[in-house]
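I opened this model to look up its aromatic side chains and nonpolar regions. The entries below are in the order in which I checked them.

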Amino acid sequence: MRWIYPLLAHRSIMMLLLIVNIFGTIYGYYWYGWQLKETPAIFLPFVPDSPTASLFFVFVLLAFLLRKNWPLIEALAIVTLFKYGIWAVVMNILVYFVQGELDPVGYMLILSHFAMAVQGILYAPFYRFKWWHLIVTAIWTLHNDVIDYVFFMMPSYSMLDRYTPQIGYFTFWLSILSIGIAYYFSIRSKRFKLEIK
């Protein structure tokens, strides 16, 4: 598996991923457009979860291309990319089981969000964040869950409304798992570590 890392660290690959993530982020904010119009201003930063996660990764890639590390952004990226990547995959699979079908956009969301989760972890050997970065990220992530499931600002899947309590419970534990994954791949003493050259 380690053969992939020289490829991931190649500037042309990072540039390609940067372009893909910029377009994905723009599309993500567009996808949330109607919901953002109905969202009170105070909650706006917490509603478009997936595009904000990919926006964090855009800044991670920019830093790598400048041969720098922006540790807090790296921590936010790995946690939110994994969390919202997996969340969207599970929600769209649930939509399939509830409705008995899934439209092409749903399949696209499954593939693109799974790729989000994977890319966040694949670049983990290059991250340089510390405990305090992860703690700040954990506060942001769990606070976002409160905004979503106490103030009901979560992404709108009307066909899943009756499952909101169960989805909220799942999301909380997915947040904990995502924080644990960030620790495992980026902080623990025996982690695999590489440099961007």
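These notes cover ring pairs, the core, a surface patch and a few backbone angles.

**Entry 1. Source of the model.** I noted before anything else that this is a predicted model.

**Entry 2. Aromatic pairs.** I looked up the ring pairs and found 19 of them in the structure. I started with F43 and F151, whose ring centres are 5.3 Å apart.

F43 has 14% relative accessibility and counts as buried. F151 has a relative accessible area of 43%, so I wrote it down as partly exposed.

**Entry 3. F64 and Y127.** I took this pair next. The centres are 6.4 Å apart and the planes are at 25°, which makes the pair stacked. It also links distant parts of the chain: F64 is in helix α4, and Y127, 63 residues away, is in the loop between α6 (104-122) and α7. Both F64 and Y127 are buried.

**Entry 4. Aromatic cluster.** Which residues share one aromatic cluster with F64 and Y127? I listed Y5, F57, Y123, F126, F129 and F192 alongside them.

**Entry 5. Nonpolar core.** I looked up the largest nonpolar core, which has 34 residues. Those with the most contacts inside it are F57, F64, Y123, Y127 and F129. I also noted which elements build the core: α1 (4-8), α2 (11-31), α4, α5 (71-99), α6, α7 and α8 each give at least two residues. The largest share, 8 residues, is from α4. As background, nonpolar side chains tend to be buried together in soluble globular proteins.

**Entry 6. Surface patch.** I turned to the surface and found a nonpolar patch made of W131, I135, I139, Y183, Y184 and F185. Together these residues have about 630 Å² of accessible area. The elements that contribute two or more residues to the patch are α7 and α8.

I looked at Y184 separately. It is in helix α8, and its relative accessible area of 43% makes it partly exposed. R188 lies over the face of the Y184 ring, at 3.8 Å from the ring centre.

**Entry 7. I181.** Is I181 buried or exposed? I181 is in helix α8, and at a relative accessible area of 14% it is buried, because the limit for buried is under 20%.

**Entry 8. Positive phi.** R67 has phi near 60° and is in the loop between α4 and α5. Its relative accessible area is 52%, so R67 is exposed. F152 has phi of about 55° and is in the loop between α7 and α8. At 54% relative accessibility, F152 also counts as exposed.

Conventions. Residues numbered from 1 in each chain as written. Predicted model: local features only at pLDDT ≥ 70, side-chain atom pairs only at ≥ 80, totals over all residues. Heavy atoms only, no water. Phe/Tyr/Trp six-rings, centres within 6.5 Å; stacked < 30°, edge-to-face > 60°. Buried < 20%, exposed > 50% of the residue type's maximum accessible area, 1.4 Å probe, protein only. Helix = DSSP H or I, 4+ residues; strand = E, 2+ residues; numbered from the N terminus. Lys NZ or Arg CZ within 6 Å of the ring centre and 35° of its normal. Patch = residues over 30% accessible without salt bridge, like charges linked within 9 Å, V, L, I, M, F, W, Y side chains within 5 Å. Areas by Shrake-Rupley, 256 points an atom, 1.4 Å probe, with all protein chains shown as cover. Salt bridge = Lys/Arg side-chain N within 4 Å of Asp/Glu carboxyl O. Core = buried A, V, L, I, M, F, W, Y, C linked by side-chain atoms within 4.5 Å.
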